[in-house]
Amino acid sequence: MSDSTPRIERLTVVDAFDVTTLTNLLATLIRADAAVGWADPPAETEVGELLTTLVDAGPSEAQVVVARVDETVVGFGYWRRYTRTTLRPQADLERLAVATDFSGRGIGRTILRDLIRTARDAGCEQLTIDFRGDNQGAERLYLSEGFAEYGRLRNFVAPDATRRFDKVFQVLDLRA
């Protein structure tokens with residue numbers, strides 16, 4: 001992998017190369033037991049459909065932010081507005097992940113800050129997130145950016161037959 005400085009950008013078009021590199025990134029992270037929301041690596045078709053759905057929704061409904069080195073995606077995150085009528089003012093930060101080779105360089109924080117900015121610009125009032133309780137790096141990051149815990153389900157996440165983790169819920173009020 002190149003030592004180039006990652007470039008952060010908002011995804012506005014989905015192309016096959018991005019789908020492939022993001023699918024590979026997710027597969028690598030999942031095989032290393034990263035808590036990114038899948039128990040098994042998703043297929044390229046699933047990743048492509050997800051990205052297309054998010055991008056097609058438009059920037060007031062969802063936003064995808066990617067970090068690239070050269071042209072390869074080395075990190076990404078996205079939020080999506082809630083669809084239920086009574087929850088429409090809010091959005092959920094559904095995923096944020098950075099390649100292991102690039103962790104500790106502030107890429108996750110930069111992606112997170114851009115996601116927060118775009119959610120605020122879209123008129124979202126609150127941004128929620130949930131994550132696996134053993135993901136202490138994520139917890140420190142979100143708390144340091146102003147998120148607050150509002151709940152925890154004990155032993156809720158079951159990545160396999162033998163392990164259980166808490167599911168942690170946090171929120172950031174974007175109205176302040």
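**Chatting about helices and a sheet**

Reader: Which way does H1 pass H2, left-handed or right-handed?

Author: H1 passes H2 in a right-handed crossing; a crossing is right-handed if the near helix is turned clockwise from the far one by less than a right angle, and left-handed if anticlockwise. Helices (H or I, at least four residues) and strands (E, at least two) are DSSP runs, numbered from the N terminus.

Reader: Is this an experiment or a prediction?

Author: This is a predicted model, where local features need pLDDT of at least 70, side-chain atom pairs count only at pLDDT 80 or more, and totals for chains, interfaces and linings use all residues. Residues are numbered from 1 along each chain as its sequence is written, and side-chain values use heavy atoms, with hydrogens and water left out.

Reader: OK, which residues of H1 meet H2?

Author: Val 19, Thr 20, Leu 22, Thr 23 and Leu 26 do, and on the H2 side they meet Glu 44, Val 47, Gly 48 and Leu 51 (contact means heavy atoms within 4.5 Å).

Reader: New topic: in what order do the strands of the sheet come?

Author: Seven strands make an open, mixed sheet, ordered S1-S2-S3-S4-S5-S7-S6; two strands pair if DSSP finds at least two bridges between them.

Reader: Why is one side of S1 and of S6 left without a neighbour?

Author: Because S1 (7–10) and S6 (148–157) stand at the edges, each with a single partner strand.

Reader: And how many bridges join S4 to S5?

Author: Three, between residues 90–98 and 126–132, and the two strands run parallel. Asp 92 stands opposite Thr 128 in S5.
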